[in-house]
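Subject: Handover of a structure and its findings

Dear colleague,

Please find the structure below, passed to you for your records. The findings follow it, arranged by topic.

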Amino acid sequence: MSDDLAWLKEIRALVFDMDGVLWRGKEALPGLNAIFDWMRDEKVPYLLATNNSMSTQQMYVERLAGHGVTVPKETIVTSGIAVRDYLRATYPPDVTVGAVGMQALIEVLFDEGGFTRDDRRPQVQVVGTDLHFGYDDIKRACLAIRAGAAFVATNPDTTLPTEEGLVPGCGAMIAALVASTDVQPTVIGKPEKYMFELACQRLGLQPHEVLMVGDRLDTDILGANRIGARTVLVLTGVSQRQEIVTTGIEPTFVAADLVELLDRLKGARDQQ
Ligand SMILES: [Mg+2]
């Protein structure tokens with residue numbers, strides 16, 4: 001890790017993970033309001049990127065509003081939105097799509113995205129976390145993939161943290177389908193590149209001009225490193241500093257929290 005933070009002056013935009021970065025459980029993390037105030041005053045563009053495909057943009061807007069932060073809906077990029085944009089970029093508009101997932105994913109693909117839904121013989125089978133996942137879902141998706149549908153998954157997270165403990169995430173559903181089809185999916189969410197590439201594209205910036213702020217080395221930091229973005233690990237969520245050594249996944253720098261990150265960003269601006 002470099003102690004020379006001269007590169008910080010090149011940063012034109014920030015991309016934040018949310019859980020463990022902006023809040024933990026119901027609690028806002030220190031510096032949340034200050035960093036959004038600063039970005040607004042300094043006109044620094046930002047996006048909020050999450051692997052979660054179960055919530056809509058509006059749900060995140062409201063959650064942030066609950067912490068006193070106002071963000072435009074367009075700044076929220078869920079893995080469902082990233083899948084929709086991936087499908088738009090990859091397939092003709094009349095492609096047929098099968099989907100396993102919660103209502104937010106269904107809405108983003110079919111109501112907003114305008115794709116034609118076909119759960120029997122789709123050309124693309126999308127799989128996102130579905131809290132009602134059952135044998136009929138896996139059977140339907142399995143048959144579709146075996147019949148040649150492209151297999152696209154929202155995110156690879158095997159578990160989700162809840163108050164009850166770790167529960168199955170999208171990766172667990174992917175595992176069931178990989179086992180029954182022998183086909184590996186195209187994964188869109190972190191740590192794969194697509195969501196980060198999409199973020200840079202939306203911001204109209206090169207990766208080295210974008211700073212990814214995350215709390216997980218194996219998703220936020222690994223994925224952003226893969227496209228050549230700058231990365232900051234905040235120590236308010238999952239990963240701790242010593243894991244940089246054990247995982248070999250190195251962020252550009254480490255900040256205790258958003259308060260320290262904001263200090264660094266202000267320092268870089270003041271020198272300009
Ligand atoms: Mg997180």
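**Helix packing**

Helix H3 (residues 79–90) packs against helix H4 (residues 103–112) at an angle of about 35 degrees, and their axes are 8 Å apart. Axes here are lines fitted to C-alpha atoms, for helices over the stretch in contact, and angles run from 0 to 180 degrees between N-to-C directions. Helices (H or I, at least four residues) and strands (E, at least two) are DSSP runs, numbered from the N terminus. H3 and H4 form a right-handed crossing; a crossing is right-handed if the near helix is turned clockwise from the far one by less than a right angle, and left-handed if anticlockwise. On the H3 side, the contact is made by Gly 80, Ile 81, Val 83, Arg 84, Leu 87 and Arg 88, and on the H4 side by Leu 105, Val 108, Leu 109 and Glu 112. Contact means heavy atoms within 4.5 Å. The contact of H3 with H4 comprises 6 nonpolar, 1 polar and 3 charged residues. In this classing, Ala, Val, Leu, Ile, Met, Phe, Trp, Tyr, Cys and Pro count as nonpolar, Asp, Glu, Lys and Arg as charged, and the others, Gly among them, as polar.

Please note that this is a predicted model, in which local features need pLDDT of at least 70 and side-chain atom pairs count only at pLDDT 80 or more, while totals for chains, interfaces and linings use all residues. Residues are numbered from 1 along each chain as its sequence is written, and side-chain values use heavy atoms, with hydrogens and water left out.

H3 also packs against H7, at an angle of about 80 degrees and with the axes 10 Å apart. The two helices, H3 and H7, are therefore roughly perpendicular to each other; angles under 35 degrees count as roughly parallel, over 145 as roughly antiparallel, 65 to 115 as roughly perpendicular and the rest as oblique. H3 contributes Ser 79, Ile 81, Ala 82, Arg 84, Asp 85, Tyr 86 and Ala 89 to this contact, and H7 contributes Tyr 194, Met 195, Leu 198 and Arg 202. By class, the contact of H3 with H7 has 7 nonpolar, 1 polar and 3 charged residues.

Helix H1 (residues 32–42) and helix H10 (residues 258–270) pack with their axes 8 Å apart, at an angle of about 25 degrees. That angle makes H1 roughly parallel to H10. The crossing of H1 and H10 is left-handed. From H1, Leu 32, Ala 34, Ile 35, Trp 38 and Glu 42 meet Leu 258, Leu 261, Leu 262, Leu 265, Lys 266 and Arg 269 of H10. This contact of H1 with H10 has 8 nonpolar, no polar and 3 charged residues.

The structure holds 2 cavities of 30 Å³ or more. On a 1 Å grid over the protein atoms alone, a cavity is a set of points where a 1.4 Å probe fits but cannot get out, and a pocket is an open set with protein on both sides within 12 Å along at least five of seven lines; lining residues have an atom within 4 Å of a point. Grid points are joined across faces, edges and corners, and a volume is the space filled by probe spheres set on the points.

The largest cavity holds about 80 Å³ of space. It is lined by 11 residues, of which Leu 8, Ile 11, Trp 38, Leu 265 and Arg 269 are the closest to its centre. H10 supplies the largest share of this lining, 3 residues.

The second largest cavity holds about 40 Å³. Its lining has 9 nonpolar, no polar and no charged residues, and H7 gives the largest share, 3 residues.

The largest pocket has a volume of about 1,200 Å³. Among the 40 residues that line this pocket, Asp 19, Asn 52, Leu 160, Pro 161 and Thr 162 are the closest to its centre. The lining of the largest pocket divides into 13 nonpolar, 14 polar and 13 charged residues, and E10 gives the most, with 4 residues.

**Backbone details**

Lys 190 and Pro 191 are joined by a cis peptide bond, with omega about 10 degrees. Pro 191 is in the loop between strand E12 (186–187) and H7. Lys 43, although not a glycine, has a positive phi of about 55 degrees; Lys 43 sits in the loop between H1 and strand E4 (46–50).

Yours sincerely
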